[in-house]
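User: I would like to learn how to read a model of this kind, feature by feature, with the general idea given before the particular case.

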Amino acid sequence: MRLLLLLPFLGLLLVPLYNFTEPTLLGIPFFYWYQLAWVPVTSLLIWIVYRHGSRRGEE
Amino acid sequence: MDGHVNWTALSVFIFFFVLVTVLGFAASRWQRGGSDHKGAHLDEWGLGGRNFGAWITWFLVGGDFYTAYTVIAVPALVYAVGAYGFFALPYTILVYPIVFLIMPRLWKAAHREGHVTAADVVYGRYGSRTLELAVALTGVVATMPYIALQLVGMEVVIKALGLTGELPLAAAFAILALYTYSAGLRAPALIAFVKDVMIYIVVLVAVVLVPMKLGGYAAVFSAAGDAFAAKGGATGLTLKPQQMLPFATLALGSALAAFMYPHTLTGIFAAKDADTIRKNAVFLPAYTVLLGLIALLGFMAYAAGITVKNNNDVVPALFNALFPSWFSGFAFSAIAIGALVPAAVMSIGAANLFTRNIWKPYVDKEVTPAGEAKVAKIVSLVVKLGALVFILALPTKFALDLQLLGGLWILQTFPAVVFGLGKRRMSAGALLAGWATGMTLGTWLAFSDGLKPVHTLMVGDASYAVYTGLLALCVNIVVSGVVQLLVRTGRRDLEMPGVTR
């Protein structure tokens with residue numbers, strides 16, 4: 001489960017994945033909205049790991 | 001910006017400043033009672049009684065980590081260079097998986113033994129006064145210029161209100177120093193509510209209204225793109241190929257360093273349980289959305305046709321140009337109050353370190369808990385006064401350079417603070433050797449590169465530019481590992497001939 005937390009590192013540190021302007025969203029280049037999109041995704045991933053941990057009774 | 005005092009904005013500004021001053025002094029009575037040891041104790045003043053639940057922690061850490069300087073400097077960097085300045089975004093995203101994995105354990109280690117600082121935890125784990133001192137000194141030294149930069153943030157908005165001279169800044173800081181002295185960590189925790197709500201309002205209004213006035217985000221980005229094309233060099237709406245590695249390493253290195261600072265750790269240690277910290281790792285990224293939107297203000301300045309002499313003036317200039325003066329006043333007070341919260345927590349964090357890890361072991365071994373609280377309160381005043389003198393007497397560039405070095409230095413305490421949380425224990429000597437190597441190498445590289453954060457490595461014909469702090473951390477860890485191996489094999493050789501213990 002904790003391996004899910006590696007995803008933001010892969011998604012954000014491999015810069016060639018997102019270093020371009022197209023496609024734009026509401027006029028915002030891809031480079032910017034892609035990174036902003038990782039904010040809720042990272043929150044969600046941490047939440048999933050948190051839920052999984054607290055169900056297993058982690059203190 | 002034209003030297004005229006903006007009375008409407010100034011009145012709004014003073015109203016909110018008085019409001020938080022009252023709150024600051026009232027805070028000493030707030031959230032008291034749940035804690036076991038009342039009265040004069042460092043836990044009370046320096047950690048708010050270790051009783052902050054998820055909401056208070058969210059506001060406190062959010063208000064303390066996303067500083068006023070960030071609100072000024074990130075858009076300024078984006079305005080100056082474009083995409084490269086946006087590294088603050090991946091940085092403030094990646095920090096949360098790290099917080100989630102490490103900080104609940106650190107909190108538990110601190111809570112079990114009643115530790116107040118990271119250096120306490122290190123001493124508790126390794127029993128080495130030298131390693132404790134290394135961590136404590138690094139923390140204090142790295143925090144001082146950071147406090148000074150909060151003053152730079154305040155200076156910028158005070159100037160934008162049309163006020164001149166150094167008196168307003170000194171007055172604002174004196175008020176801050178007094179209520180921090182009387183209320184401790186409770187003051188910034190309570191003020192953080194007001195500050196954060198204000199900042200959220202300002203940013204949401206700005207990101208909706210400013211593009212509407214300027215013809216939409218497409219127009220904003222095309223204006224910025226044209227400006228960067230005209231400017232040339234390593235600027236633009238996307239990264240140049242040679243900027244990608246610095247971008248990624250700066251983001252990762254800053255994320256690893258962020259919660260090694262005394263002010264962020266103070267927020268963590270003040271939480272009432274480990275679960276509070278885990279929940280906060282889920283919800284604190286909301287502030288990162290805000291930071292990303294604030295960063296875009298740097299692009300909006302181009303569409304609004306703003307030109308500034310000093311990049312740091314770009315946000316106030318944008319607000320003054322586009323908003324009625326009462327709203328500018330509101331925005332500027334949000335930024336100025338935004339400087340007070342981190343400055344208070346930073347001075348408390350530094351004061352805790354000094355008291356627990358320098359004063360107690362070296363000056364007064366028999367100090368009582370009440371005595372500790374007293375020393376810490378006085379040190380918090382000294383630290384803030386020092387920052388004020390620093391910023392008034394020395395050029396701002398010096399504070400910026402030192403803050404850059406501070407980030408590099410604090411990152412070198414990562415192995416000592418974090419590695420001890422696992423089951424396997426390294427020796428204090430190995431960690432100390434790694435720390436000393438990382439500090440020396442990092443500082444030397446930073447100076448030889450003309451105080452730039454990025455160092456270029458040559459491997460054969462290829463060159464790789466990476467964040468110097470991260471490079472020094474890698475060397476730090478390798479040296480620690482090698483020394484550890486040498487010590488262990490050395491000990492085994494010694495033990496071989498004799499009977500094992």
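User: Which conventions should I keep in mind before I read anything off?

Analyst: This is a predicted model, in which local features need pLDDT of at least 70 and side-chain atom pairs count only at pLDDT 80 or more, while totals for chains, interfaces and linings use all residues. Residues are numbered from 1 along each chain as its sequence is written, chains are lettered from A and ligands numbered from 1 in the order in which they are written, and side-chain values use heavy atoms, with hydrogens and water left out.

User: How many helices and strands does chain B have, and how many does chain A have?

Analyst: Helices (H or I, at least four residues) and strands (E, at least two) are DSSP runs, numbered from the N terminus. By that reading chain B has 21 helices and two strands, whereas chain A has two helices and zero strands.

User: How should I read burial, contacts and surface for the two chains?

Analyst: Buried means under 20% relative accessible area, exposed over 50%, and partly exposed in between (1.4 Å probe, protein chains only). Buried residues make up 60% of the 501 residues in chain B and 44% of the 59 residues in chain A. Contact means heavy atoms within 4.5 Å; among contacts between residues at least 6 apart in sequence, 84% in chain B join residues at least 24 apart, and in chain A residues 24 or more positions apart account for 42% of the contacts with a separation of 6 or more. Accessible areas come from the Shrake-Rupley method with a 1.4 Å probe, and for residues only the protein chains shown count as cover. Chain B exposes about 19000 Å², with 67% supplied by carbon and sulfur atoms, and chain A about 3300 Å², with 72% belonging to those atoms.

User: Which residues have the most contacts inside the largest nonpolar core?

Analyst: In soluble globular proteins, nonpolar side chains tend to be buried together. A nonpolar core is here a set of buried Ala, Val, Leu, Ile, Met, Phe, Trp, Tyr and Cys residues joined through side-chain atoms within 4.5 Å. The largest such core has 209 residues, and those with the most contacts inside it are A:Tyr32, B:Met103, B:Phe299 and B:Met300. Helix H16 (residues 325-362) of chain B gives the largest share of this core, 20 residues. Leaving aside neighbours within four places in sequence, B:Phe299 is in contact with residues including A:Tyr32, B:Val78, B:Val220, B:Phe228 and B:Leu237.

User: Where is B:Thr143, and what does B:Thr143 touch?

Analyst: B:Thr143 lies in helix H7 (residues 129-160) of chain B and counts as buried because its relative accessibility is 0%. Not counting residues up to four places away in sequence, B:Thr143 touches B:Pro262 and B:Met346. B:Pro262 is itself one of the buried residues of H12(B), and in that helix (residues 262-269) eight of eight residues are buried.

User: What should I look for in the backbone angles of the loops?

Analyst: A cis peptide bond joins A:Glu22 and A:Pro23, with omega about -10 degrees, and A:Pro23 is placed in the loop between helix H1 (7-13) and helix H2 (30-55) of chain A. A:Leu26 is in the loop between H1 and H2 of chain A and has a phi near 50 degrees, a positive value in a residue other than glycine. B:Arg50, in the loop between helix H2 (42-47) and helix H3 (54-65) of chain B, also has a positive phi near 50 degrees.

User: Are A:Leu26 and B:Arg50 buried or exposed?

Analyst: A:Leu26 counts as exposed because its relative accessibility is 73%, whereas B:Arg50, at 10%, counts as buried.
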